[in-house]
Amino acid sequence: MSYVFQWGSVWPEFDKLLLGTWLTLRLSAMAMVLGLAVGVLGALGKASASRWVRALVHGYVEAVRNTPFLVQLLLIYLGLPSLGLRLTPDQAALLAMVVNLGAYATEIVRAGIEAVPHGQIEAGRALGLKPRHISRFVVLVPALRTVFPALGSQFILVMLASSVVSVISAEELTAVADTIIARNFRSFEFYFIVTGIYLALSLAFQAVFDAIDRFLFRRWSAHT
Amino acid sequence: MIREFSFSEVVFLVEAVRWTVLLAALAFVGGSIVGLVFAVLRVSKARLPRAAAIVYIKVFQGTPLLMQLYLVYFGANLLGLQADAWLAAALGLTFYTSAFLAEIWRGCIEAIPRGQWDGARAMALGPLLQLRFVILPQALRIAIPPTVGFMVQVLKGTSLASIIGFTELTRAAQMVNNATFRPFIVYGLVAALYFMLCWPLSAYSRRLERQLDRVRLTPAKLAAQ
């Protein structure tokens, strides 16, 4: 083996890697919030009385879940301009992540809504709650609590998938590493460190989600 | 010079599907073998093998597939092997697949009621024989739907091999797009091709799950017994 590792080359760039970590965190957090919003809307759409709305949401979910994220990203970034919608790499990356997460979140939230016992809704009605209060406090909030662990896992998968947006040079951790490597050619060293950072991020997110589950929702997580 | 997007481009893309399927098949076979080993280690009573399996699964589930492919690709180079996109893609996807399958199968093994192990021990079978003849055949039944479902993730994961230069469907799309510059048509068609590969598997997995539901054998229900 003739290769000489140069781990020392990592330290001068550490501030850049930290910045990249922050960018990944910010991008993922925005995608999580917006993706969850899309998921809630999608799940409500799946419970809609209109057959057309249900079919539309179903088509969206199936299309996203059965195609690769990379292709979705390239379709949005390269394909949408020909329809007149030109996005910066950062906007395209966020949109692709939201579209992707939204589909998975739709299915997860829908499962939570279906798990709400019908008796609860009848009880809400018997208490004289307005329909919109029932759908909010009796159905949606308990449903989100039920599926929170599954949502957390999906959030982490989206955070990890965000490394793919480096192919359109959106600003995040992998793209930062790519830029450094293009200058000093220490590919293995930098990708190794960056992989470690992603691992730390996913463990940290898992810890935060477990804590939310435990203290906010007062329930011991099923995660081991 | 910009070429027209014509029938020959469509044929080129459709033909590239075979490399996607072949890569996914390699990753799935390799990932099944390695994954089974780690699933068994993960349910082992000995602490060290169990801890090793937990670390393996956590590391590969907690890092991006793209980073795994990069590390295998550049790592092979360091070991003096010719940096080969085929090798790196197949090996990287095998690691990734094995970690997820190990975790899925662990759940299925643990869903088998304790009494089955006790019963097998009462038949004077050793631990590995208990697993082989009593636990795994039952776990296999409940493992099939999630395993088929995960094959969809493997198929989609192969698209990342395009980034390290492996010519499969997504890389073929980039080549066609560079020549014709019709991104919406090219990537739309490629998305449709992926959909045609993945959707039948998704639908099949869901159907199997419903069938299992009917006979009340899902892991959750078994665990509750």
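Trainee: Read along the sequence, what pattern does chain A follow? And, once that is clear, which residues of helix 7 of chain B are buried, and what covers them?

Mentor: Please keep in mind throughout that this is a predicted model. Read along its sequence, chain A follows the pattern α-α-α-α-α-α-α-α, which is to say that chain A holds 8 helices and 0 strands. Along the principal axes, the C-alpha atoms of chain A fill a box of roughly 75 × 45 × 30 Å, and 41% of the 224 residues of chain A count as buried. Among the contacts in chain A with a separation of 6 or more, 74% are accounted for by residues 24 or more positions apart.

Helix 4 of chain A, which runs over residues 89-114, is mostly covered, with 20 of its 26 residues buried; from its first C-alpha to its last it reaches 37 Å, close to the 38 Å expected at 1.5 Å a residue. A:Phe215, by contrast, lies in helix 8 of chain A and counts as exposed, because it has 9 C-beta neighbours inside 10 Å, where 12 or fewer is the cut-off for that class. From A:Lys46, A:Phe215 is 169 residues away in sequence and 31 Å away in space, C-alpha to C-alpha.

Turning to the contact between the chains, 33 residues come from chain A and 31 residues from chain B. On the side of chain A that touches chain B, helix 2 (51-65), helix 3, helix 6 (131-161) and helix 8 (187-216) each supply at least two residues, and helix 8 of chain A gives the most, with 10 residues. By class, that side of chain A has 21 nonpolar, 10 polar and 2 charged residues.

This brings us to the part you asked about, helix 7 of chain B, whose 12 residues (169-180) reach 16 Å from the first C-alpha to the last, close to the 16 Å expected at 1.5 Å a residue. Its buried residues are B:Leu169, B:Thr170, B:Arg171, B:Ala172 and B:Ala173, together with B:Val176 and B:Asn177. What covers these buried residues includes helix 3 (69-79) of chain A, as well as helix 1 (7-42) and helix 8 (183-214) of chain B, and helix 3 of chain A is also one of the helices named above for the side of chain A that touches chain B. Just after helix 7 of chain B, B:Phe181 takes a positive phi of about 50°.

How values were computed: Residues are numbered from 1 along each chain as its sequence is written. Chains are lettered from A and ligands numbered from 1 in the order in which they are written. This is a predicted model: local features need pLDDT of at least 70, side-chain atom pairs count only at pLDDT 80 or more; totals for chains, interfaces and linings use all residues. Helices (H or I, at least four residues) and strands (E, at least two) are DSSP runs, numbered from the N terminus. The expected span of a helix is 1.5 Å times one less than its number of residues. Two residues are in contact if their C-beta atoms, placed from the backbone, lie within 7 Å. Ala, Val, Leu, Ile, Met, Phe, Trp, Tyr, Cys and Pro count as nonpolar, Asp, Glu, Lys and Arg as charged, and the others, Gly among them, as polar.
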